[in-house]
Amino acid sequence: ATGDNKIGNTIRNETTKDKNEEKEVENLKKSNTEDDFIPLKDYPKFKNEAKITEIEKYLEQIKEFEVKENIANKLKFKEIEHDDVINFKDESILEFFKSLNFILSDNSKMRLNLLYYCIKHGFHILIPGPTGTGKTYLSEAICNLLKKNMIKYNCSENTKFPNLKFTCQGDKNKFAGIKYIKGPLLQALTTKNTAFLMDEANLSPIEVLQALEAMIDCGYLVYEDKGKLIRIDVPKDFCCILTLNPSKGKFSGTRQELPESFKNKFISIEFPEMKRDELYAITDGASKAFGVDKKLPNCQQFIDDFISFHMEWSKNEKIQDDVACLVIRDILAVLHIILEGEDPTETIMNIYGARYIEPIKEEMKKVLFKYKSFKNYEENYDKIKKEFPKNCFINKNTLELISTCIFSLKHGRHPIIAGNS
């Protein structure tokens with residue numbers, strides 16, 4: 001954020017009680033002109049003293065997501081303008097999120113406002129939270145709203161920092177059949193007004209995070225091109241967004257614990273696990289937006305039972321280490337397919353149940369059939385048996401697999417068939 005003549009007074013009055021810190025603030029004030037940036041590494045000194053980030057203070061002042069008159073004095077580094085907050089009463093804003101099929105809840109509005117402010121003013125952001133809470137999707141939506149470019153990179157334990165700078169691409173005109181092109185990070189640094197999002201960043205080796213930290217710290221990146229060392233400065237409008245998923249299942253112990261020195265370069269916006277009331281509000285809003293409420297005679301009862309099942313089964317100890325965890329996308333997929341005329345029970349058995357082996361699938365059925373909106377369900381494979389080649393071996397597992405694949409392809413879903421060779 002940019003420095004100004006009020007910065008020393010604002011920080012001193014709001015967050016500092018210690019004389020040594022007051023001197024630091026005065027030094028910052030003297031050393032920064034209007035066009036200078038206060039190093040983000042200096043931010044946590046004052047954040048810790050205040051016990052709560054100034055951005056959180058800022059949001060505490062928002063009633064119905066409108067700016068109060070005294071809000072301009074609440075942030076240390078920059079005055080708040082009215083356009084620093086998303087006006088969710090604006091028809092064009094509502095239409096924008098509707099075009100994304102995004103259902104606004106009070107909690108999602110709060111997270112959207114945090115992302116909006118940080119991305120707009122060039123803070124680097126950490127977004128920790130469970131899978132399926134909207135970390136990547138909301139970041140993309142805010143960049144879209146701010147007309148900011150976004151370049152995404154999905155991290156893995158095999159991610160290497162040089163691959164973020166350059167990568168290979170097939171080229172039949174080259175002697176070796178490949179050519180080097182800019183990697184995602186270098187693309188982001190050389191494209192005007194761009195955010196760089198690293199999805200599941202804590203899957204990356206620690207060396208990648210250290211190199212990224214060094215780049216942010218120094219304010220530039222050095223790379224080699226055709227034998228020459230080239231330096232590129234980090235643009236002022238560059239924004240780095242890192243999403244972090246919890247260590248779970250096969251990833252247990254492989255996700256990095258980020259060093260404090262690294263986290264101090266970022267503003268952390270946590271996306272907590274969705275509670276029942278938020279899931280209900282999203283599902284209810286989606287059912288009305290999609291028209292499912294007109295399709296099902298007892299839609300409210302269905303939503304109540306569906307969310308109760310989703311919450312209960314998601315917390316079942318038998319699936320806690322399952323990487324393919326249940327997320328809001330599964331709920332919305334069920335609503336879309338019901339709208340296309342499928343039976344709700346059969347839809348849930350395919351969307352939720354197909355990922356499990358038989359003993360866990362039977363356990364899931366017991367949980368599902370506790371709720372009165374879902375009738376006892378037995379698969380009917382007569383049509384598949386009739387059309388299956390007579391000279392081919394077939395058993396129940398094969399029938400289930402074929403049935404699920406047909407169901408998935410019929411509704412535009414992409415099946416992954418996993419198993420032993």
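The structure is a predicted model, and its chain holds 19 helices and 9 strands. Of the 421 residues in the chain, 45% count as buried, while the accessible surface comes to about 23,300 Å², with 49% of that area belonging to carbon and sulfur atoms. Among the contacts in the chain with a separation of 6 or more, 68% are accounted for by residues 24 or more positions apart.

In soluble globular proteins, nonpolar side chains tend to be buried together. Here the largest nonpolar core has 38 residues, and those with the most contacts inside it are Phe-302, Phe-306, Phe-309, Trp-313, Val-334, Ile-348 and Tyr-352. Two or more residues of this core are given by each of the helices α12, α14, α15, α16 and α17, and the largest share, 8 residues, comes from α14. A second, separate core of 28 residues includes Leu-115, Cys-118, Leu-197 and Phe-271.

Helix α14 deserves a look of its own. It covers residues 299-314, a run of 16 residues, and reaches 22 Å from its first C-alpha to its last, which is close to the 22 Å expected at 1.5 Å a residue. Its buried residues include Cys-299, Phe-302, Ile-303, Phe-306, Phe-309 and Trp-313, but also Asp-305, Ser-308 and His-310. The buried residues of α14 pack against α12 (276-290), α13 (292-295), α15 (328-339), α16 (344-351) and α17 (358-368). To follow a single side of this packing, the reader can take Phe-302, which, leaving aside its neighbours within four places in sequence, is in contact with Leu-296, Val-334, Leu-335, Ile-338, Pro-344, Ser-373 and Phe-374.

Five of them form an open sheet in the order β2-β5-β8-β1-β9, with parallel pairing, and the edge strands, each pairing on one side only, are β2 (149-154) and β9 (267-268). Within the sheet, strand β5 (residues 194-199) and strand β8 (residues 239-244) pair in the parallel sense over 4 bridges, and Met-198 stands opposite Leu-242 in β8. Helix α7, made of residues 135-145, lies across β1 (125-128), β2, β5 and β8, and runs at about 160° to β2.

Methods. Residues are numbered from 1 along each chain as its sequence is written. This is a predicted model: local features need pLDDT of at least 70, side-chain atom pairs count only at pLDDT 80 or more; totals for chains, interfaces and linings use all residues. Side-chain values use heavy atoms; hydrogens and water are left out. The expected span of a helix is 1.5 Å times one less than its number of residues. Buried means under 20% relative accessible area, exposed over 50%, partly exposed in between (1.4 Å probe, protein chains only). Contact means heavy atoms within 4.5 Å. Accessible areas come from the Shrake-Rupley method with a 1.4 Å probe; for residues, only the protein chains shown count as cover. A nonpolar core is a set of buried Ala, Val, Leu, Ile, Met, Phe, Trp, Tyr and Cys residues joined through side-chain atoms within 4.5 Å. Two strands pair if DSSP finds at least two bridges between them. Axes are lines fitted to C-alpha atoms, for helices over the stretch in contact, and angles run from 0 to 180 degrees between N-to-C directions.
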